[in-house]
Amino acid sequence: MEKRKLGERGPIVSVMGLGCMGMSHGYGPASPEDDMVRLIHHAFDLGVTFFDTAECYGPYENELLAGKALKPIRDKVVIATKCGIQIQNGVQKLDARPEVIRRSIEGSLLRLQTDYIDLYYLHRVDPKVPIEEVAWVMQDLMSQGKIRGWGLSEAGVKTISRAQAVCPLAAVQSEYSMMWREPEKNIFPLLEKEGIGFVPFSPLGKGFLTGKIRPDVQFGTGDFRLNVPRFDRANLVANMQLVDFIEELAADKSKTPSQIALAWVLAQKKWIVPIPGTRRIDRLEENLGAVSVEFTPDELAELNLHLSDIPVQGDRYKGEYAKRVAE
């Protein structure tokens, strides 16, 4: 599989990574561990070298899974994990105090069965802790060899700029897809200027852009999409216009909607590496098929113009979660 470098300071990774979260967190009960280990190994066999997890997924179960699966191939893969969200009595709490980050990295190293983390993100910006303090801690962890690079998740231009001035970032992770293009406005120009890589999560719109989710969908217990405004029935109905458009594109290129949606993300910038997740081998293989989809410059320009004319209904988050996207 083709490789890409995550910005100027990030690692060289497969052009598409694998988000591991959904294997054990966020989409109902965890899948059997042995099945997910096999899936991760199959992804590696197909050329994937970039794997994403986080301390709070579970919590801890997802890092344990990733550690078990990746230990035999540790020297051949790039592992990203995250700190800054603690689970207290089943509730997520932002906590980016230096002492908490230092404690978190030790736990992640142990669970991931490794001596270092390739890419260590602050999962969400903690408004109680100046981002400069986080950057100083990350710089120290780098000097100790415990991490090789660091990043921010769901941070805005002001926060990224302040962090960058203290300890340069390898990557920024945020949602980005055909149905959420907000990073293009302000984030992309800053990342390009500063040489920072971009890692989009939910590049398939949390499953919506696959065309498999219809307005009458019934999500199971424990599926976080039950609490996402974008997946309210009225919004699903309104947003089918976008799915219809993607399905037309897919038919024209003899590809699947998922492949079109992922190929579109890949085509935007050479320093973008999406991390779609899945629990199924067939979906994994389908997603990786996106790397063979090509758009001419004219096709991409026309496609982007058409996307700009399709309104997307529904917020990404609600309540407390909506407040966690930093400026």
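**Ground rules.** I worked from a predicted model, in which local features need pLDDT of at least 70 and side-chain atom pairs count only at pLDDT 80 or more, while totals for chains, interfaces and linings use all residues. Residues are numbered from 1 along each chain as its sequence is written, and side-chain values use heavy atoms, with hydrogens and water left out.

**Overall build.** I looked up the secondary structure and found 10 helices and 11 strands in the chain, taking helices (H or I, at least four residues) and strands (E, at least two) as DSSP runs numbered from the N terminus. The radius of gyration, taken over C-alpha atoms, is 19 Å, close to the 20 Å that the globule rule gives for 327 residues, so the chain is as compact as a globular protein of that length; that rule is 2.2 Å times the number of residues to the power 0.38. I noted that the C-alpha trace spans about 50 × 40 × 40 Å along its principal axes. Of the 327 residues, 58% count as buried, where buried means under 20% relative accessible area, exposed over 50% and partly exposed in between, with a 1.4 Å probe and protein chains only.

**Backbone.** I kept in mind that most residues other than glycine have a negative phi, and that most peptide bonds are trans. I found a cis peptide bond joining Gly58 and Pro59, with omega about 5°, and I placed Pro59 in the loop between strand 4 (50–52) and helix 2 (61–70). Asn89 has a positive phi, near 55°, and sits in the loop between strand 6 (85–88) and strand 7 (91–94), where its relative accessibility of 83% makes it exposed. Gln113 also has a positive phi near 55°; Gln113 lies in the loop between helix 3 (98–111) and strand 8 (119–122) and, at 37% relative accessibility, counts as partly exposed.
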